[in-house]
Amino acid sequence: MTIELLGLELHGFHGVLEEERRVGQRFLVDVWLDVPPSSGAATDRIEDAVDYRQVVACVEEVSAARAFHLLEAFATALADALGERFPVERVRVRVRKPDVVLAVPVEHAAVIVERGSR
């Protein structure tokens, strides 16, 4: 079973440029959590499931804890924290930077990190 949370919008102070780190910018985070079938589905109890509110809180905490220079480091920290905090078999995280400024216009820059169970 996979839990999917797409488009978590954060304002973070991540980036290589000083302006990005001073003013901040939007980041969109997508999370896929592969959970065992027994986690909440059979009991219909939030206590037995991965609580989406706690997943969002974890993402916010990692983003607020420090300013990352690279999307790669930010996405890795998110995947590691989610894998450690929740009973999951696999974690996949995509961090998108929709307001990236490059010589050629792009929709977004993104990094995807995947981790298996620990």
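Okay, one term before we start: a pocket here is an open set of grid points, 1 Å apart, where a 1.4 Å probe fits, with protein on both sides within 12 Å along at least five of seven lines, and a residue counts as lining the pocket if it has an atom within 4 Å of a point. Hold on to that, we'll need it in a few minutes. Also, please keep in mind that what you're looking at is a predicted model.

So, the overall picture. We have three helices and four strands in this protein. If you walk along from the N terminus, the elements come as β-α-β-α-α-β-β. Taken along the principal axes, the C-alpha atoms fill a box of roughly 50 × 25 × 20 Å.

Let's go to the sheet. The four strands make an open sheet, ordered β1-β2-β3-β4, with antiparallel pairing. At the edges sit β1, residues 2–12, and β4, residues 109–116, and each of those pairs on one side only. On average, neighbouring strands are turned by 15° against each other, ignoring direction. Then there's helix α2, residues 52–65, which packs on the sheet and touches β1 and β2. The direction of α2 makes about 35° with that of β1.

Now the middle of the sheet. Strand β2 covers residues 25–34 and strand β3 covers residues 90–97, and the two pair in the antiparallel sense over seven bridges. If you want landmarks, D30 stands opposite R94 in β3, and D34 has R90 in β3 as its bridge partner. On to the next pair: β3 and β4 also run antiparallel, and eight bridges join them. One to find on your screen is V95, whose bridge partner in β4 is V111.

What about aromatic pairs, how many are there in the whole structure? The search finds two. Let me show you F27 and F74: their ring centres are 5.9 Å apart and their planes stand at 85°, so this pair is edge-to-face. The cut-off for that label is over 60 degrees. F27 belongs to strand β2 and F74 to helix α3, residues 71–85, so the pair ties together parts that are 47 residues apart in sequence.

Setting aside neighbours within four places in sequence, H11 is in contact with V23, G24, Q25 and R26. And H108? Along the chain, H11 and H108 are 97 residues apart, and their C-alpha atoms are separated by 15 Å.

Q25 brings us to that pocket, because, going by the 4 Å rule, it counts as lining. The largest pocket has 16 lining residues, and the ones nearest its centre are G15, E20, Q25, K97 and V100. Which kinds of residue make up the lining? Eight are nonpolar, four polar and four charged. As for space, the largest pocket holds about 230 Å³.

That's the tour, thanks everyone.

Technical notes:
Residues numbered from 1 in each chain as written. Predicted model: local features only at pLDDT ≥ 70, side-chain atom pairs only at ≥ 80, totals over all residues. Heavy atoms only, no water. Pairing = 2+ DSSP bridges. Axes fitted to C-alpha atoms, helices over the stretch in contact; angles between N-to-C directions. Contact = heavy atoms within 4.5 Å. Points joined across faces, edges and corners; volume = space filled by probe spheres on them. Nonpolar A, V, L, I, M, F, W, Y, C, P; charged D, E, K, R; others polar. Phe/Tyr/Trp six-rings, centres within 6.5 Å; stacked < 30°, edge-to-face > 60°.
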